[in-house]
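Please read this briefing alongside the sequence and the model, which are displayed just below. The notes are grouped by topic.

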Amino acid sequence: MDSMYIHIPFCNRICTYCDFNKVLIKNQPVDDYIEALIQELSAYGDMTLKTIYVGGGTPTALNEAQLNRLLSYVTEHFKVTDEFTFEANPDELTTSKLDILKNYGVNRVSLGVQTFNNDLLKVLGRTHKKDDIFNSINHLEKIGLTNYSIDLMYNLPGETFDDIDMSLKYISELKPKHVSWYSLIIEPHTVFYNKIKAGKMSIAGSIEEGEKYDKVIHGLSALGYPQYEISNFATKVHESHHNKTYWLNEPYIGAGAGSHGYTGDVRYYNIKPVNHYINSMKDTGSVVKEELKLALKDKYEEEMFLGLRLNKGVSEQRFFDKYNTSIDSIYGKVLKELHAKKLIKRESGFISLTEQGRMIGNDVFAEFLL
Ligand code: SF4
C-alpha cells in the first residue's frame with residue numbers, strides 16, 4: 001500500500017452546498033478524536049508511503065497543539081517519499097500553523113478557494129474573503145511551500161462568465177502549481193438543495209454549465225495548465241500523485257471518521273459520526289466499518305470509470321497485466337460503439353474520452369456497467 005488518506009471532520013462553519021462528512025468544530029471532542037485517529041493509525045505500525053493526504057472537513061480547523069499531536073505521530077511512524085498534502089482554508093492558514101506543517105514535512109497544500117468573488121463566497125457560506133486567499137498564498141510563498149493547488153468551483157448560483165474570467169486572471173497572476181475546478185453538484189440534505197427545491201434559488205442549466213466548463217478548460221490551457229483529469233489541471237510534474245492513486249484504481253488506506261479505503265479486493269467505509277468513531281475505538285480498539293468485497297465485474301467497471309477520468313485514459317496493457325484478460329474481451333462491443341460515436345479514442349495503447357465524451361462523461365461511464 002503506497003497511499004494514505006486521513007480525515008479531519010471538523011469545520012469552523014458549515015458551507016451551504018457541502019455534503020462531506022463534517023461537523024461544526026465548536027464543542028466537539030476534537031482531542032479525543034485525534035487520539036482515536038492515532039489509535040487507528042497505530043494498527044499500521046511503521047510504514048513507508050509514497051503519498052499522504054490529510055483532508056476534511058478542514059484540517060486547518062485544528063488548533064496548533066492538535067496539529068502538533070497528529071503530525072508528530074504521523075511523521076514518526078510513516079515515512080513519506082513523495083507527496084504529503086494538507087487541505088487548508090485560506091482564512092485558517094496562519095503563519096504559525098504553516099510553520100507546523102512545514103516542520104513536519106508537508107510539501108503540498110490544497111487551498112479551498114472556491115471563487116474569488118466575495119458575494120459568491122458569502123452565498124457558499126465560506127468563512128474567507130478574497131483578501132484571505134492572497135494573504136494565505138503570500139504566507140505559502142514566504143515559507144517556501146510553493147507546491148500548492150487552488151481548488152475552485154464553477155456553475156455557482158448567480159455566477160457569471162465574468163467570474164470565471166476573474167478567476168483565470170488571478171490564476172495567471174498567482175501562478176499556483178495545480179488547479180482543481182469542479183462543477184457545483186447540488187447534493188441532497190444541503191441548504192442549496194432545500195433552497196432549490198423551494199424555488200428560492202437556481203443554478204444554470206446544462207447548456208450554460210457546458211459552456212462554463214469549456215471556458216475553464218480552454219482558459220486554463222492557455223495559461224499553461226493542461227487538463228489531466230475531468231476537473232484537474234497541471235503540468236505533468238505537478239499532477240496530484242495522491243489523487244492519481246484513486247483514478248488508477250490502486251489500493252490506499254483510509255483513516256478517520258467516514259473515510260474509505262481500498263485493499264485491492266475490498267472497499268471499506270469507516271463509521272461516520274465522530275462520537276461513534278471515537279467510541280468504537282475506545283470500546284473495541286478498532287473502527288466499525290462497512291466492507292464491500294468486489295466481484296471481478298465490479299473491478300472491471302471501476303477500472304474504466306476511474307481511469308477514463310484521466311485525459312490519458314486507461315492503459316490496455318495495464319488492464320491486461322491486472323486482470324489477465326484484454327479490455328476488448330470484456331468491453332469490445334461497447335468500445336466499438338463509443339468509438340463510432342466519437343466519444344472515446346484509442347491511441348498508443350490507451351483508451352480515453354474525446355472532448356465530446358468528456359462533456360457527457362457520466363453517460364459514457366454508464367456504458368461500462370456490466
Ligand atoms: S469547509 Fe469544506 S468540508 Fe467544511 S463545510 Fe465547507 S465545504 Fe464542507
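The residues of the shell around the ligand divide into six nonpolar, two polar and three charged, where Ala, Val, Leu, Ile, Met, Phe, Trp, Tyr, Cys and Pro count as nonpolar, Asp, Glu, Lys and Arg as charged, and the others, Gly among them, as polar. The model is a predicted one, in which local features need pLDDT of at least 70 and side-chain atom pairs count only at pLDDT 80 or more, whereas totals for chains, interfaces and linings use all residues. Residues are numbered from 1 along each chain as its sequence is written, and side-chain values use heavy atoms, with hydrogens and water left out.

**Ligand surroundings and the cis peptide**

- The shell around the ligand consists of Cys 11, Arg 13, Ile 14, Cys 15, Tyr 17, Cys 18, Phe 20, Lys 22, Gly 57, Asn 89 and Arg 126, a residue being near a molecule or strand if one of its heavy atoms lies within 4 Å of it.
- Gly 57, one of the residues around the ligand, is found in the loop between S4 and H2, with helices (H or I, at least four residues) and strands (E, at least two) taken as DSSP runs and numbered from the N terminus.
- The peptide bond that leads from Gly 56 to Gly 57 is cis, with omega near 25°.

**Packing of two helices**

- Helix H1 (residues 30-42) packs with helix H2 (residues 64-77) at an angle of about 5°, and their axes are 10 Å apart; axes here are lines fitted to C-alpha atoms, for helices over the stretch in contact, and angles run from 0 to 180 degrees between N-to-C directions.
- H1 and H2 are therefore roughly parallel to each other, given that angles under 35 degrees count as roughly parallel, over 145 as roughly antiparallel, 65 to 115 as roughly perpendicular and the rest as oblique.
- On the H1 side the contact is made by Val 30, Asp 31, Ile 34, Glu 35, Leu 37, Ile 38, Leu 41 and Ser 42, and on the H2 side by Gln 66, Arg 69, Leu 70, Tyr 73 and Val 74, contact meaning heavy atoms within 4.5 Å.
- Sorted by class, the contact of H1 with H2 has eight nonpolar, two polar and three charged residues.

**Two residues of helix H9**

- His 242 is found in helix H9 (residues 241-247) and counts as buried at 0% relative accessibility, where buried means under 20% relative accessible area, exposed over 50% and partly exposed in between (1.4 Å probe, protein chains only).
- Leaving aside residues up to four places away in sequence, His 242 touches Ser 3, Met 4, Tyr 5, Thr 51, Ile 52, Tyr 53 and Glu 83.
- The side chains of His 242 and Thr 51 are joined by a polar contact of 2.9 Å, that is, a pair of N or O atoms within 3.5 Å, of which, within protein, one must be able to donate a hydrogen and the other to accept it, while residues adjacent in sequence count only if both atoms are side-chain atoms.
- Lys 244 also has its place in helix H9 and is buried, with a relative accessible area of 18%.
- A polar contact of 2.6 Å joins the side chain of Lys 244 to that of Glu 239, and the residues that Lys 244 touches, not counting those up to four places away in sequence, are Tyr 228, Lys 236, Glu 239 and Leu 310.

**Further buried positions**

- Ser 167 lies in helix H6 (residues 161-174), where it is buried with a relative accessible area of 4%, and it touches Phe 116, Leu 152 and Trp 181 when residues up to four places away in sequence are not counted.
- Gly 258 belongs to the loop between strand S11 (253-255) and strand S12 (260-262), yet Gly 258 is buried, with a relative accessible area of 19%.
- Gly 258 and Tyr 269 are eleven residues apart in sequence and 6.3 Å apart in space, C-alpha to C-alpha.

**Backbone angles in loops**

- Most residues other than glycine have a negative phi, and most peptide bonds are trans.
- Asn 27, in the loop between strand S3 (23-24) and H1, has a positive phi of about 65° although it is not a glycine, and at 75% relative accessibility Asn 27 counts as exposed.
- Asn 249, in the loop between H9 and S11, has a positive phi of about 60° although it is not a glycine, but at 3% relative accessibility Asn 249 counts as buried.
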